[in-house]
Amino acid sequence: MPEHGVARRSMSRRLAALLCLAWAGSALAAAPAGVSDGAATGMPAEPPVLLLPVQGITASDLRDTFGDGRDGGQRGHEAIDILAPTGTPVLAVDDGRIVKLFLSQPGGITVYQFDPSGRFAYYYAHLERYADGLAEGQAVRRGSVLGYVGATGNARADVPHLHFAIFRLGPEKQWWKGEPVNPFPYLGGKPP
Ligand SMILES: [Zn+2]
């Protein structure tokens, strides 16, 4: 496996916490305080163990950035930021279907994917561009290339990264609406 030169610099890691502080782009409700994912909700559905969504990144490269910025008066950062050079392939974390290709002010070029059960949405943001031929309604497999890491939307131009989120969907299965789930443990991340 060639070294992809993924950002392992400690400076970049500190910057990661500051990448998406202005994040306010969706109508998603904040996670209930003090409720861990699925623990006290009585909901049986948990996301499966997922593929790392950035090629060349391993679980040990991940930093838990879910909730960063909560002290700033903004809603927390309900996602994980994964630093990687511009153009690094972004991979589907699971089988499923592309439900929306969306250009948003905060997220830039984004993809919303539903899992095969339709219980979870996976959200990939700040892409440089989509994979050739990617289309709404398309079935994808775990590992399919969805696009490429970039810094579109409100990402810092000098710190390209993937902003990746998981939402537990409501009965309406609306791609823009769901309960945020911290992706970190589902990507194999271990608390420090
Ligand atoms: Zn982010």
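Where pLDDT is low, the predicted coordinates should not be read in detail. Over the chain, the mean pLDDT is 81, and 72% of the residues reach 70 or more.

This is a predicted model, in which local features need pLDDT of at least 70 and side-chain atom pairs count only at pLDDT 80 or more, while totals for chains, interfaces and linings use all residues. Residues are numbered from 1 along each chain as its sequence is written.

**The overall plan**

The chain has one helix and nine strands, and along the sequence they follow the pattern α-β-β-β-β-β-β-β-β-β. Helices (H or I, at least four residues) and strands (E, at least two) are DSSP runs, numbered from the N terminus. Of the 192 residues, 40% count as buried. Here a residue is buried if 20 or more other C-beta atoms lie within 10 Å of its own, exposed if 12 or fewer, and partly exposed in between, with C-beta atoms placed from the backbone. Among contacts in the chain with a separation of 6 or more, 69% are between residues 24 or more positions apart.

**The nonpolar core**

In soluble globular proteins, nonpolar side chains tend to be buried together. A nonpolar core is a set of buried Ala, Val, Leu, Ile, Met, Phe, Trp, Tyr and Cys residues joined through C-beta atoms within 7 Å. The largest such core in this model has 39 residues, and I82, V90, Y123 and Y124 have the most contacts inside it. At least two core residues come from each of β1 (80-83), β2 (89-91), β3 (96-104), β4 (108-114), β5 (120-130), β7 (145-149) and β8 (161-169).

Take I82 as an example: apart from residues up to four places away in sequence, I82 touches P53, V54, I57, L62, H161, L162 and F164.

Strand β5 is largely enclosed by the rest of the structure, because eight of its 11 residues are buried. Two strands pair if DSSP finds at least two bridges between them.

| Strand pair | Bridges | Direction |
|---|---|---|
| β4 and β5 | five bridges | antiparallel |
| β5 and β8 | six bridges | antiparallel |
| β5 and β7 | three bridges | antiparallel |

F114 has A121 of β5 as its bridge partner, and A121 in turn has F167 of β8 as a bridge partner. Y130 stands opposite G147 in β7. The hairpin of β4 and β5 has five residues between the strands, and there G118 takes a positive phi near 75°.

Most residues other than glycine have a negative phi, and most peptide bonds are trans. H126, although not a glycine, has a positive phi of about 70°. H126 lies in strand β5 and counts as buried because it has 28 C-beta neighbours inside 10 Å. K173, also a residue other than glycine, has a positive phi near 55°. K173 is found in the loop between β8 and β9 (178-181), and with 13 C-beta neighbours inside 10 Å it counts as partly exposed.

L50 is found in the loop between α1 (10-16) and β1. With 21 C-beta neighbours inside 10 Å, L50 counts as buried. Leaving aside neighbours within four places in sequence, L50 is in contact with V93, D94, Y186 and L187. The C-alpha atoms of L50 and D95 are separated by 9.7 Å, though these residues are 45 apart along the chain.

I98 is found in strand β3 and counts as buried, with 21 C-beta neighbours inside 10 Å. Beyond four places in sequence, the contacts of I98 include V111, Q113, L134 and V140. I98 and Y112 are 14 residues apart along the chain, and their C-alpha atoms are separated by 6.1 Å.

Methods. Contact = placed C-beta atoms within 7 Å. pLDDT = per-residue confidence, 0-100.
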